[in-house]
Every structure is written in structure tokens, then in C-alpha cells.
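Have the model open as you read.

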Amino acid sequence: MDLTFDSICTFPLASDLFALALHKKSPVVALGLASGHVQLQRLPSLPSSPSPEANARASSTNGHGTIETAWRTRRHRGSCRSLVFSTDGDYLYTAGTDSIVKVASTDTGEVTGKIAVPSNPNGAPDSPTLLHALSPQTLLLATDSSALHVLDIRSDSTFTNARPQQTHHPHNDFLSSLAPLAPSHTSTSGYCRQWLSTGGSTIAITDIRKGVVYGSHDFEEELLSSAVLGGAESGKIIVGGEKGFLRLWDGSIKEAMDGKERRLYVRKGECLDVVCPAPRELVGDDMVAVGLGDGAVSFTRTGKRPCVVSHVRHHDLEGVSALGFDPDGRLITGGGNTVKVWEKNTETSDGEASLVDDKSGDDDDDDNQEESADINDQNGLVSRPNGHNASDEKSSDEEEPKRKKRKRNKAKGRNINNHILAFKGLD
């Protein structure tokens with residue numbers, strides 16, 4: 001099955017994008033910038049959108065309208081590191097390098113509460129790296145000092161230095177990604193209690209009540225991204241790193257990490273900075289969208305025969321730092337000072353979205369011939385026991401400098417014409 005997406009809108013930002021969050025119910029995108037600004041964009045809904053309010057903003061003739069900036073403000077002194085919507089979508093939590101988490105109304109942007117990020121073990125201010133809304137009462141906060149705090153947000157909304165409910169240290173380095181494990185069928189709350197994380201060169205599973213329940217060996221590469229597909233009893237763990245391949249584990253989550261690791265090269269030598277599950281109702285299969293350090297997004301099937309299905313190009317110079325799917329099934333990608341909106345195309349196009357970059361497969365055959373483990377020559381998949389590392393990779397891979405969150409020169413004179421979506425108030 002061919003899967004292509006067409007870029008329908010590109011819009012520039014005042015500074016580099018650090019964080020992106022998508023509302024679960026409405027076509028709303030929150031953006032956190034390196035300048036400390038936070039802005040909320042409302043996208044026009046498709047005619048079949050389940051949101052009546054969003055439908056009212058869409059064009060009555062063709063379903064394409066304007067992207068509205070609902071509000072924009074300088075929220076943090078320093079960069080905005082992470083942001084996330086509350087479970088009901090009514091509030092937006094943002095965390096900045098000023099070591100403050102702020103709570104604001106999604107509709108108006110008005111700040112309703114502030115929480116101080118707990119200090120590091122030396123008593124110095126600790127900068128946040130990741131935010132996740134666990135429940136209406138609980139917020140997960142990861143920091144530079146490798147801490148994973150469980151914060152109770154039911155307390156007084158005034159600025160406070162209250163101690164977190166729990167603090168865990170699943171890694172020796174800061175958490176680079178955090179993904180929820182689906183609750184078991186016996187769960188009474190329905191909220192995720194166990195979380196998969198990557199940090200440095202290790203993987204961990206943390207139960208927010210019991211602490212770290214699994215810690216991996218050293219994978220000898222920097223792990224940057226992760227995702228979980230399926231439920232707790234039968235799921236799939238997917239991890240991306242700096243060398244350009246995905247690691248996959250299947251089966252029961254409790255047993256998966258002790259089983260065989262499968263590998264799929266997405267693009268040799270490129271950082272896989274973001275991994276996001278694609279909606280099954282949109283793609284019809286277990287598939288993830290992978291944001292690469294070279295500015296591409298790869299759509300990868302993760303079933304019995306994993307393979308890269310297609311690519312789109314977000315940017316020629318800037319890496320993809322964030323991506324996700326809105327309630328209408330549109331892909332939102334961000335990186336550098338650019339955000340793009342994509343729609344699935346059911347027909348092959350000669351445009352940007354159907355272009356497959358030949359670089360993705362240049363070295364796959366050679367890489368697979370070098371592996372001594374079980375190899376599927378057709379799709380470049382490598383299966384290994386969990387206890388084996390990538391020490392037999394080419395020495396050039398090991399000597400390659402780490403390029404996580406690398407910055408490249410900005411493109412000059414970007415052409416952002418010929419978009420289907422427009423900005424409110426502009427022709």
C-alpha cells in the first residue's frame with residue numbers, strides 16, 4: 001500500500017521551534033519557541049470533522065479556511081522546552097528554562113497557575129526537558145538532572161516550591177523521550193501508570209507508584225525517541241537512535257524487552273529524533289512516522305515485515321524536531337523556524353509529498369550483508385538477541401560524532417507560496 005501526504009501549508013515562526021502539542025479533540029496546535037514565546041494556532045477543520053466549533057471556522061465551500069493565531073505571548077524567560085494539553089484539553093502546561101511550569105487557559109492563554117521545577121540534587125535550578133499530562137490531577141515532568149517528577153496539580157495554583165509526590169531516576173542522563181504504556185485490562189482508573197523512556201544509551205520502564213521496574217543494558221548509541229503501539233498484554237516497543245535505525249520489540253510489554261530485538265534501517269547515519277504512531281484508521285496498519293535529523297519524515301510499517309513505505313520532506317536544512325496527527329488526520333511537522341501541515345493523498349502525486357528520497361536505501365544491502373544475525377534481505381530487517389549490541393557496526397558509525405539536536409544554517413529566501421491554507425487577514 002502506497003502512503004503519500006501532500007503539503008497544504010507552510011508557515012514561518014519568529015524563532016526556532018522547541019516543542020509542539022496537538023489537541024486531542026480539536027484541530028488546535030500549541031507551539032513552544034526558543035525565544036520563550038508560546039502561541040496557539042487554530043487550523044480549519046475538514047467538512048467531516050467531529051468538532052462543530054471547528055467546522056464553523058472552516059470554509060463553507062471547499063473545507064479549507066484560514067489558520068488563526070488564537071493567542072501568542074512571551075511565556076518564559078529563556079526557551080520553552082516542552083508543552084502539553086491537559087487530559088480534557090481545557091488547559092495548556094508549558095515548561096521553560098526559567099525552571100517554571102505555567103498553566104494557562106487553552107482558549108485565552110491567560111495564566112492560571114505556576115509551579116516551580118524542583119531543584120537538582122545540588123540545590124541548583126533544574127531545567128525541564130519533557131512534560132506529560134498523566135491524569136486531571138497529575139503531571140509528569142522530566143528534567144536535565146535525569147529526574148522524573150510526579151507532580152500533584154490539584155493544590156493551590158499560586159507559585160509554589162512544593163515537593164513532588166514521587167521522583168524517579170530511570171537513567172543517568174536526561175530523558176530524551178517518554179511514551180505511555182497502555183493500562184492493563186484490570187486497571188480501574190484507565191490512566192497509564194507505566195512509562196517507557198530513553199535517556200543516554202539506555203531504555204527504562206518506570207511505574208510511577210513503584211519506581212523503575214526495568215532498566216536496559218547499554219546500547220552503545222544515543223537513544224533519542226520512542227513509541228508504544230498496542231496494549232500492555234500485546235504491544236510493540238519502538239525506539240530510534242542516532243545511527244539511523246529503529247529497534248523493535250514485540251509481544252507482552254513485560255516480556256518484550258527480554259525477547260529478540262529487530263532492527264530496521266530508516267536512513268543510515270541520520271538521527272531519528274521523533275517517533276510518532278500513525279492513526280490506524282488513517283493508514284490501515286501498524287505504522288509510525290519518524291522525524292529525521294536531515295529534515296525528512298519517513299512512514300514506516302512495523303508489522304511482521306517492517307519496511308519504510310514512503311518519505312516526505314519537511315525541510316532541506318533543518319531537522320524535524322516535532323510531529324503529530326490532529327483529529328482530522330492531518331500530519332503536522334515542525335523543525336527550525338517552520339511548521340508544515342500535510343494531508344493524506346490517495347493518489348500518487350508528482351509533488352513534494354510523493355517524492356521518495358533514494359538516499360534512504362543506498363546502504364541498506366551492504367549493512368545487512370555485514371550482519372551475522374538473522375537477516376531479512378528484502379526489507380533490511382535485522383533480528384538479534386537483546387543482550388547483543390551494535391558493536392559490530394562499521395567503525396565509521398562508531399566514530400561519527402553525535403548530532404542530536406544539531407543546528408544547521410537557515411535557508412535564505414524561503415518560498416512559501418502556493419498553499420491551500422492561508423493566514424487570517426492576509427490575501
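Lys 236 is buried, because its relative accessible area is 9% (buried means under 20% relative accessible area, exposed over 50%, partly exposed in between, with a 1.4 Å probe and protein chains only). The model is predicted: local features need pLDDT of at least 70, side-chain atom pairs count only at pLDDT 80 or more, and totals for chains, interfaces and linings use all residues. Residues are numbered from 1 along each chain as its sequence is written, and side-chain values use heavy atoms, with hydrogens and water left out.

Lys 236 forms a salt bridge with Asp 286 (a side-chain nitrogen of Lys or Arg within 4 Å of a carboxyl oxygen of Asp or Glu). The pair joins distant parts of the chain, 50 residues apart. Asp 286 is partly exposed at 27%. A salt-bridge network links Lys 236, Asp 250, Arg 262, Arg 280 and Asp 286.

The whole structure holds 14 salt bridges. Among them are these:

| Pair | N to O distance |
|---|---|
| Arg 42 and Asp 107 | 3.6 Å |
| Asp 207 and Arg 209 | 3.5 Å |
| Lys 236 and Asp 286 | 3.9 Å |

Arg 42 is buried at 15% relative accessibility, whereas Asp 107 is exposed at 56%. Asp 207 is buried at 2%, but Arg 209 is exposed at 54%.

Asp 207 also touches His 168 (contact means heavy atoms within 4.5 Å). His 168 is buried, at 8% relative accessibility. A polar atom of the His 168 side chain lies 3.1 Å from the backbone oxygen of Ile 208.

Key
A polar contact is a pair of N or O atoms within 3.5 Å; within protein, one must be able to donate a hydrogen and the other to accept it, and residues adjacent in sequence count only if both atoms are side-chain atoms. Helices (H or I, at least four residues) and strands (E, at least two) are DSSP runs, numbered from the N terminus. Lists of a residue's contacts leave out its neighbours within four places in sequence.
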